[in-house]
Amino acid sequence: MLYVVLCLTVLGLAYVFANYARIKKMEEGTADMAKMAGIIRDGAATFLKTEFKSIAIVCVVLAVVFTLFIEVTAGITFLLGALMSSLVCILGMRSATYANVRTANKARESLSIGETVKVALCGGSISGVSVQAFGLLGFVLVMLVGGLDPEAAGHGLLANMTCNPTIMRITTYSLGCSVVAMFNRVAGGNYTKAADISADILGKIRHDLPEDDSRVPNTVADFIGDNVNDIAGNCSDLLESFVATMSASILIAVTLFQDVQLDAAFTETFNAMTLYPVLIAGGGLLGCLLGLIFVSIRKMGDNPSRELNLATWISAGLTVVLGLVISYFVFNGIELYDSFLLGWISPWIASVLGIISGVAIGSITEYYTSADFKPTKKLAEMATEGEAFVITKGDAVGSRSCLFPILIIALALFISGKLCGTYGIAIAALGMLAFVATTVSIDAFGPIADNAGGLAESCHLDPSVRVITDKLDSVGNTTAAIGKGFAIGSAAFATVSLITAYVGTYTEWGKEPVLNFASFVVVAGGIVGGALVEYFSAMLTDNTIDAARVMAIQGDKQLSVPGVMEGTVDPDYNALVETAAKEALRKMLVPSMLAIAIPVVGGFVFGAQFVGGLLVGATVCAIPRAIFMGNSGGAFDNAKKYIESGAIEGHGKGTAAHKAAVTGDTVGDTRKDVVGVALDIFIKMMSSVANTLVSLFSNITLIK
C-alpha cells in the first residue's frame, strides 16, 4: 500500500510539472510587463538563493550533530525534510513569478474574469499540489527505507544513548521541514512587510501617489515580497504542518506498542495504525487532484469565490469518502486497540472532525476579515473618526474572532480523543490537512492575483484590466486570510498531537500519558512558554518596523532624485531589493534559532516535565495570539480596500478616512504576515525538537 501512495505522489508531481510547463508557455504581454515581471522574478530568486546559503549551513551542522550523538541515520532524514521543504519553496515561488504576469496578460487580452481566474489558479495549484506531493514523497521514502519497529534500538556514531530509530527518523524528517519553514517565515515576513509598510508610507501617506505606483521603488520590493513570504513561506509552513501531523500519528502508534511483545494480532494492529495516516494523506492528494482538475476544465463564470469554493468542497468531499473506504479497508476485521470506541469507523470520524473544523475555522475567518460582512464594514466606517478609532476597533475585531475557532478546536480534540484516545487527536489533525493541496492552491491564488494587479498598475494597462485584477485581488485577500486561519487551526491540532506524542514517549506502556500541572516544574515551564510567545512576537515586530524605517528613508531619497517623480527616470529598484534582503536575512537567525535552543536548554537543565509544560504554555498562549494577529490584520487590510472601492460616500482614496485606514493596514501588515504566521511554526518547531530529543532529556538532566 505504501507503493500505491508513492505512485500517487508521482501522479501529483506529474500534475505539478505539467501545469508549470503550461504556465511558462503563456504570453507575458507587453515589453513593460515582461521587464517588470523579470525584475520581480530575479529579485525573488536572488533572495531565496541568499537565504538558502544560511539555511544550508545550519541544516548541515544540525544533521552532523544528529548523526554523531543521536541516531546514525537521523542526519540523513533531517536533510531529506529540509530538501523537500526547500524544493516546495523554490518551485512554488518560481511558478508564482511566472503566473503573475500571465494572469495580468490574460485579463488584458480576454477581459474575462473566468479566464483570468483559471490562469491564477493554475499557478497556485503548482504550489498547493507540490506541498502535499513532496511532503508525502519524503515521508513514504523514510518509511520504506527505514521501516517501522517499535522495539528497535539505535544510537549515534559517537554517543551510545539508546533511542528508537523509528521515532528518530520520523521526528528528524519533520524537524528538517520545520527549520526551513521557520527561516522562510521569519526572513520572508520581514522582507515583504518592511517593503509593504514602507511603500504604503511613501506612496499613500507622504506623497499621495496611486497604489502600486512604479515610481516608488519600495513597491517593486513589495511585489517580490508577496512571492517570498506568501508563496514560498506559506508552502513551507503548510508542508511542515502536514508532515508534523503524519509524524505525530505514527509516533503515537509506535509509543503505544514500544513495550509490547508483538504477537500476530498486535503486529496487525500496529501495522494498521501506522499505515492509516499515510493512506489518508494519499487519498486526500487524489481528492485534491480530482477537485482541481474539475474546476480548471469547466467553464468559469464571473464569481471567483464560487469557483474557488467549489474546488475546496470537491476536494474535501472526496477526501471524506476515500477516508471512509480506507478506514474500512485498514481496520475492519482486525483486533483493534482498546480505545477505538466505535470500532473501525472511529479513526474516520476523527479525521472528519478535523476536516469540518478546518472548513468551519476558514468560514469564521472569512466572516471577520471579508469586506462582505459586518465586522470589516464597521471597521471601515470607524476610519471616518480617525486613526485611534480604527486601531481600537480592529483590536476588538481580532479579539472577538478568537473564541469560536478555539471552541471548535477544543471540541474536535475532545471528541476525537474520546473516540480513539491519543491516536484520534493526531488523526483529527491529519484530517484537517488531508486536502492541503487545494487549500494551499487557493491561498497561493491571492498573491498571484495581487501581483497581477500591481503589474497592471505599474505597467499602465487599461483601467478595465485593473478592474478585473482588483476583483481577483479582493477575493485573494479573503482566501489568504482563510488560509492563515486554516494554518493556525492546523498548527493547533498538529502541536497538540505532537505534545501528546512527546508525553507518551516517556510514559510507561499501558498508562495514559499525563503531564501533571500540579507539579511546580510543569507550571514553571508553562509560564516560561507563555512569556516566550510574547518575546518572540515583540522580536519579530521590532525587526520588521526597523527594516521598514530603513527602507522608507532610502525610498524617500530616491524619490527626491530629479526625474523620478516626473516618471522620466527609473528609481534604483535593485538598491531597495538589496536593502530589504539584507535587513531580513540579518535579523532572521536569532528568532529562528530560539525555537530550537529553548527546548534543548530547558530539557537538559530542568528535564522532560519542564519541557512538557513549556510546550503547553507556549501553545495555549500562541493559538489565540496567532488568531488575533491574523484576523485583526486581515480586517485592517480589507477595511482599507473597502474605502478605496468608494463604498463609503465622500471618503474615498486620499481622504483623511483613507489615510486612517492605511495606518490600520500598516499595523495589520506586521500582525498577519509576520507575527501570526510565524507563531504557528514557533510552537510546532519547539514540539518537533522536543520529540526528537525526549529520550536524551529522560536520561540527562542537570537539575533533578
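User: How many disulfides does this model have?

Analyst: The model is a predicted one, and the count of disulfides in it is 0. Take C122 as an example: the nearest cysteine sulfur belongs to C235 and is 14 Å away. A disulfide needs two cysteine sulfur atoms within 2.5 Å, so C122 is in no disulfide.

User: Why is C122 called buried?

Analyst: The relative accessibility of C122 is 5%. Buried means under 20%, so C122 counts as buried. The cysteine C420 has 1% and therefore counts as buried by that cut-off too.

User: What makes K587 buried, and where is K587 placed?

Analyst: K587 is in the loop between α16 (573–586) and α17 (589–606). Its relative accessible area is 14%; the limit for buried is under 20%, so K587 is buried. Leaving aside neighbours within four places in sequence, K587 is in contact with V186, N543, D546 and A547.

User: How many aromatic pairs are there, and why is the pair of F66 and F78 called edge-to-face?

Analyst: The count comes to 12 aromatic pairs. In the pair of F66 and F78, the ring centres are 5.3 Å apart and the planes stand at 65°. Centres within 6.5 Å make a pair, and planes over 60 degrees apart make it edge-to-face, so F66 and F78 form an edge-to-face pair. The pair links distant parts of the chain, with F66 in helix α2 (residues 31–69) and F78 in helix α3 (residues 74–110), 12 residues apart.

User: Are F66 and F78 buried or exposed?

Analyst: F66 has a relative accessibility of 7%, and F78 has a relative accessible area of 0%. Both values are under 20%, so F66 and F78 are buried.

User: What makes the pair of F331 and F340 edge-to-face?

Analyst: Their ring centres are 5.4 Å apart and their planes are at 65°. The angle is over 60 degrees, so this pair is edge-to-face. F331 and F340 are both buried. Ring pairs also join them with Y276 and Y423 in a cluster.

User: How do you know that the radius of gyration agrees with a compact globule?

Analyst: A compact globule of 704 residues would have a radius near 27 Å; the chain has 24 Å, which agrees. The C-alpha trace spans about 80 × 55 × 45 Å along its principal axes. Buried residues make up 64% of the 704 residues.

User: How many helices and strands does the chain have?

Analyst: The chain has 19 helices and 0 strands. Among contacts between residues at least 6 apart in sequence, 85% join residues at least 24 apart.

Note on methods: Residues are numbered from 1 along each chain as its sequence is written. This is a predicted model: local features need pLDDT of at least 70, side-chain atom pairs count only at pLDDT 80 or more; totals for chains, interfaces and linings use all residues. Side-chain values use heavy atoms; hydrogens and water are left out. Rings of Phe, Tyr and Trp (its six-membered ring) pair if their centres lie within 6.5 Å; planes under 30 degrees apart count as stacked, over 60 as edge-to-face and the rest as tilted. Helices (H or I, at least four residues) and strands (E, at least two) are DSSP runs, numbered from the N terminus. Buried means under 20% relative accessible area, exposed over 50%, partly exposed in between (1.4 Å probe, protein chains only). Contact means heavy atoms within 4.5 Å. The radius of gyration is taken over C-alpha atoms; the globule rule is 2.2 Å times the number of residues to the power 0.38.
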